[in-house]
Amino acid sequence: MSVYNQESRVAAAIDSILAQDYSDFEFIIINDGSTDGTRTLLESYNDHRIKLIHNDNNLYLAASLNKGLVIAQGDFIARMDADDYAYPYRFSAQ
């Protein structure tokens, strides 16, 4: 998940991923140089599945997603936007 200035929306997206009925995953969140309170909000999460990366400046969506792909260690990738919501069975269904 790449996040840029989504302080008001990203918590719902993150919470929906952390509530998945399939829980064996890594959750890579790239803070893409946010200038609002997004960084503080992201850092408030304490979940071992989250890998939080901060870009020094805004690299834009494609570059940030590619950065996440390089970091990813799993066999599968599930894309999520910072203003989306995932039903609790998304991962198990996919």
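What follows is a set of questions and answers on a predicted model of a protein chain.

Author: Residues are numbered from 1 along each chain as its sequence is written. In this predicted model, local features need pLDDT of at least 70 and side-chain atom pairs count only at pLDDT 80 or more, while totals for chains, interfaces and linings use all residues; side-chain values use heavy atoms, with hydrogens and water left out.

Reader: What makes up the secondary structure of the chain?

Author: The chain has four helices and three strands, in the order β-α-β-α-β-α-α from the N terminus. Helices (H or I, at least four residues) and strands (E, at least two) are DSSP runs, numbered from the N terminus.

Reader: How do you know that the radius of gyration of the chain agrees with that of a compact globule?

Author: The radius is taken over C-alpha atoms, and the globule rule is 2.2 Å times the number of residues to the power 0.38. For 94 residues the rule gives a value near 12 Å, and the chain has 12 Å, so the two agree. The C-alpha atoms fill a box of roughly 35 × 25 × 20 Å along the principal axes.

Reader: Why is Ser64 called buried?

Author: Buried means under 20% relative accessible area, exposed means over 50%, and partly exposed lies in between (1.4 Å probe, protein chains only). Ser64 has 1%, so Ser64 is buried. This residue is in helix α3, residues 61-71. Leaving aside residues up to four places away in sequence, Ser64 touches Ser2, Ile30, Asp32, Asn55 and Leu59, where a contact means heavy atoms within 4.5 Å. Of the 94 residues in the chain, 35% are buried.

Reader: Which residues of α1 are buried, and what covers them?

Author: Val10, Ala13, Ile14, Ser16, Ile17 and Leu18 are buried in α1. Their cover includes β1, β2 (27-31), α2 (38-43), β3 and α4 (90-93). An α-helix has 3.6 residues a turn, so residues three or four places apart point the same way.

Reader: What makes Asn5 and Tyr60 stand out in their phi angles?

Author: Asn5 has a positive phi of about 50° although it is not a glycine. Tyr60 is also a residue other than glycine, and its phi is positive, near 80°. Asn5 lies in the loop between β1 (2-3) and α1 (10-18), and Tyr60 in the loop between β3 (50-54) and α3.

Reader: Why is Asn5 called partly exposed, and why is Tyr60 called exposed?

Author: Asn5 has 26% relative accessibility, so Asn5 counts as partly exposed. Tyr60 has 60%, so Tyr60 counts as exposed.

Reader: How do you know that Asp83 and Arg9 form a salt bridge?

Author: A salt bridge is a side-chain nitrogen of Lys or Arg within 4 Å of a carboxyl oxygen of Asp or Glu. The closest N and O atoms of Asp83 and Arg9 are 3.6 Å apart, and the pair forms a salt bridge. Asp83 is in the loop between α3 and α4 and Arg9 in the loop between β1 and α1, so the pair ties together parts 74 residues apart in sequence. Asp83 is partly exposed at 44%, as is Arg9 at 45%.

Reader: How many salt bridges does the whole structure have?

Author: The search finds five. Among them, Arg49 pairs with Asp47 at 2.8 Å between the closest N and O atoms, and Arg79 with Asp81 at 2.8 Å, N to O.

Reader: Why is Arg49 called buried?

Author: Arg49 has 11% relative accessibility, so Arg49 counts as buried. Arg79, at 40%, counts as partly exposed, and Asp81 is partly exposed at 28%.
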